[in-house]
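Let's take a walk through this protein together.

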Amino acid sequence: MARVLIIQAEMKRYRTPFFNGLHTALASDGIELVVAYSNSDPRQLARKDSAELPASFGVKVRGRWFFQRFIYQSVWREILQADVVIVSSEIKYLNNPILLIMSALRLKTVAYWGLGPNMHPGRSKIAEWLKERLASRVQWWFAYTASVAEYLKGRGVPEEKITTVHNATDTAELRRLLQEISDEEALSAKECMTGSRSSKIGLYCGMMGPIKALPLLLDAARRVKQRCPEFHLVLVGSGPDRAWLEASISSEPWIHYLGSRYGRESALYYKMADIFLLAGTAGLSIVDSFAAGLPLLATRLSTHPPEISYIIDGENGLLSLHNAEEFSLSILSVLSNSALMQRLRRGAEKSGYCYTMEAMIANFKGGVEECLALNGKFSSAAKRNLLSPESEG
């Protein structure tokens with residue numbers, strides 16, 4: 001039985017469905033999956049989004065954090081027992097230099113999994129320089145999105161050694177809850193919140209932090225409210241900007257800040273919303289928005305993570321310039337045009353069935369089997385038959 005090791009710095013709750021599904025999928029083809037992970041970065045503990053994997057394939061190893069930025073993990077036993085080691089390309093993993101040496105000497109098959117360039121405003125230019133030059137030093141790549149795959153090809157990674165996984169979250173539960181909530185229940189909840197069943201709702205669900213450009217979102221929303229009196233803004237989530245947000249909107253009852261909401265309660269707000277709004281950096285919230293059939297309206301930023309490529313301007317959402325006036329005009333163009341709204345909703349719903357956890361698992365499994373076959377560790381050559389938006393459509 002071939003053994004595949006995936007190393008994670010920490011285990012997040014949103015990733016556990018993926019690893020559970022991948023473990024089952026690989027086991028069906030006689031491939032053993034081991035996922036090694038450590039305790040969370042001290043800065044991440046406040047988010048309370050850590051999780052544990054089943055002991056049948058999850059291995060918690062000791063991890064030592066340095067400067068709250070770099071991690072060294074005691075994972076060498078698992079590495080030596082694995083046929084393929086899959087790690088993130090991030091510089092924070094202090095085990096990676098040794099793994100790259102082992103890869104260069106053909107002592108171990110090493111693959112990277114990740115988002116390519118880090119576009120976060122606080123990124124280290126030196127770290128990104130190093131990552132770019134080390135991108136082609138592994139035997140395989142699992143790219144988050146097609147845009148990342150294109151980036152890698154431009155840095156010398158052969159196309160035949162790249163698997164595009166189409167990074168996603170588990171939207172099955174959100175879909176189930178949305179189907180369970182009737183239109184009447186959603187309309188009643190809208191009336192209870194806004195005072196009218198005909199209110200138009202823009203939803204933001206995510207972290208309340210600086211990279212989400214909340215001041216711009218509020219500024220744009222106020223401009224929309226002036227021209228569209230029935231507009232209401234609903235904000236769900238928490239984060240370091242929560243206190244500032246609550247103080248900023250205290251005198252504006254049409255802006256509804258609800259804090260963190262989960263499960264059926266969160267799904268209800270998706271059900272009653274007309275559009276999903278992202279003034280700052282976009283991420284996997286795009287996948288949830290599409291799963292709910294909500295057009296996603298965002299702004300153009302150089303700091304967006306690769307999932308921004310899921311938005312096709314004018315088809316499943318709109319992208320405007322990063323300023324309040326242009327963003328508000330984008331919002332108004334959808335709220336005031338029912339034909340455009342319906343076209344974008346259809347596009348969002350279609351995209352929602354492309355970017356799913358099931359497709360991501362199938363893609364990742366196919367890449368693992370191809371990588372193993374390339375190195376003679378898989379009994380039959382795996383065929384490239386990955387699930388993509390093109391094949392789904």
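The chain has a mean pLDDT of 90, with 90% of its residues at 70 or more. Residues 380–386 are a stretch to treat with care: their pLDDT is below 50, although the model gives this stretch 18 contacts beyond near neighbours in sequence. Where pLDDT is low, the predicted coordinates should not be read in detail.

Six strands form an open sheet in the order 12-11-10-13-14-15, and their pairing is parallel. Strand 12 (255–257) and strand 15 (317–320) are at the edges with a single partner strand each, so one side of each has no neighbour in the sheet. From one strand to the next, the twist averages 20 degrees. For a look at one pairing, take strand 13 (residues 275–278) and strand 14 (residues 296–299), which run parallel and are joined by 3 bridges. Within strand 14, leucine 297 is the bridge partner of leucine 277.

Helix 8 lies across strand 10 (200–205), strand 11 (231–236), strand 12 and strand 13, and runs at about 160 degrees to strand 11. Helix 10 (residues 263–272) also packs on the sheet, where it touches strand 10, strand 11 and strand 13 and makes an angle of about 140 degrees with strand 10.

What about the interior? In soluble globular proteins, nonpolar side chains tend to be buried together. Here the largest nonpolar core has 71 residues, and within it Leu233 and Leu235 touch the most other members. Helix 8 (residues 214–227) supplies the largest share of this core, 7 residues. Apart from this core lies another, of 56 residues, including Val87, Trp113, Phe142 and Tyr144. Back at leucine 235, the residues touched beyond four places away in sequence include Tyr204, Met208, Leu217, Leu218 and Ile255.

Finally, turn to helix 1 (residues 16–27). Its 12 residues reach 17 Å from first C-alpha to last, close to the expected 16 Å. Thr16, Phe18, Phe19, Leu22, Ala25 and Leu26 are buried in this helix. Their cover includes strand 1 (2–10), strand 2 (31–38), strand 7 (109–114) and helix 14 (357–374).

Technical notes:
Residues numbered from 1 in each chain as written. Predicted model: local features only at pLDDT ≥ 70, side-chain atom pairs only at ≥ 80, totals over all residues. Heavy atoms only, no water. Helix = DSSP H or I, 4+ residues; strand = E, 2+ residues; numbered from the N terminus. Expected span 1.5 Å × (residues − 1). Buried < 20%, exposed > 50% of the residue type's maximum accessible area, 1.4 Å probe, protein only. Contact = heavy atoms within 4.5 Å. Core = buried A, V, L, I, M, F, W, Y, C linked by side-chain atoms within 4.5 Å. pLDDT = per-residue confidence, 0-100. Pairing = 2+ DSSP bridges. Axes fitted to C-alpha atoms, helices over the stretch in contact; angles between N-to-C directions.
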